Amino acid sequence: MTPQDPAAAPEVAVAEDPIKVQNARLLARLHTLFGEDAFTDVSEPYGLLTATTTRERIHGIIAGLQQDEEIALHFLTTMCGINYPENVGQELGMIYHLHSLTQNIRLRLKIFFPVADPVVPTLSDIHLSANWMEREAYDFYGVIFTGHPNLMRILNVEDMDYFPMRKEYPLEDGTREDKTDLFFGR
């Protein structure tokens, strides 16, 4: 028996896992279409290819993926806002989940931007389903989608002057007297 070449071991592992093979092909296609510098922080949590790009490039990337027949990412499964207040200069973000129903390929794209400049291009001109998802992200996180046909609150009252999903307020009121440990057995 000859010892196995340690450098060849990762290639064998990739070849054995069809999800990793599919993700490697998808990433190669993304690099071909948009360049390697278009994506950072590429990972595969739970087998889902995830990459970060910029808000300046997101519209072009998603439009290109929707038009590309090889991978056929025609379905915007979901998009949502996120808030990481500890990431200075990148406190807010958007996550986009794309799906190819014919190829059974899934992709997650992320963008991050400062809370002081929460402006992102709309995708409602590419995917009609983005309309209400963008309104929800505006309603809860204050993300402004340029070019959106009707950007207004969707679930909260229209005169609300804050965005409830931003982590700007403490979870509990420390001055409340009815929430002492005495009452809750802590």
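Biologist: Hi! Where are the axes of helix α2 and helix α3 relative to each other, and at what angle do they cross?

Modeller: In this predicted model, the axes of helix α2 (residues 18-34) and helix α3 (residues 55-67) come within 11 Å, and the crossing angle is roughly 115°.

Biologist: Is that crossing left-handed or right-handed?

Modeller: Right-handed, as α2 passes α3.

Biologist: Nice. Which residues meet there?

Modeller: From α2 you have Leu30, Leu33 and Phe34. On the α3 side they meet Arg57, Gly60, Ile61, Gly64 and Leu65.

Biologist: And how many of those are nonpolar, polar or charged?

Modeller: The contact of α2 with α3 has 5 nonpolar residues, 2 polar and 1 charged.

Biologist: Which strands does β4 pair with?

Modeller: One partner is strand β3 (residues 75-83), which pairs with β4 in the antiparallel sense over 8 bridges. Another is strand β5 (residues 105-113), also antiparallel to β4, with 9 bridges joining them.

Biologist: What about the hairpin of β4 and β5: how many residues lie between the strands, and which residue takes a positive phi?

Modeller: There are 4 residues between the strands, and asparagine 104 takes the positive phi, near 55°.

Terms used. Residues numbered from 1 in each chain as written. Predicted model: local features only at pLDDT ≥ 70, side-chain atom pairs only at ≥ 80, totals over all residues. Heavy atoms only, no water. Axes fitted to C-alpha atoms, helices over the stretch in contact; angles between N-to-C directions. Helix = DSSP H or I, 4+ residues; strand = E, 2+ residues; numbered from the N terminus. Left-handed = near helix turned anticlockwise from the far one by under 90°. Contact = heavy atoms within 4.5 Å. Nonpolar A, V, L, I, M, F, W, Y, C, P; charged D, E, K, R; others polar. Pairing = 2+ DSSP bridges.
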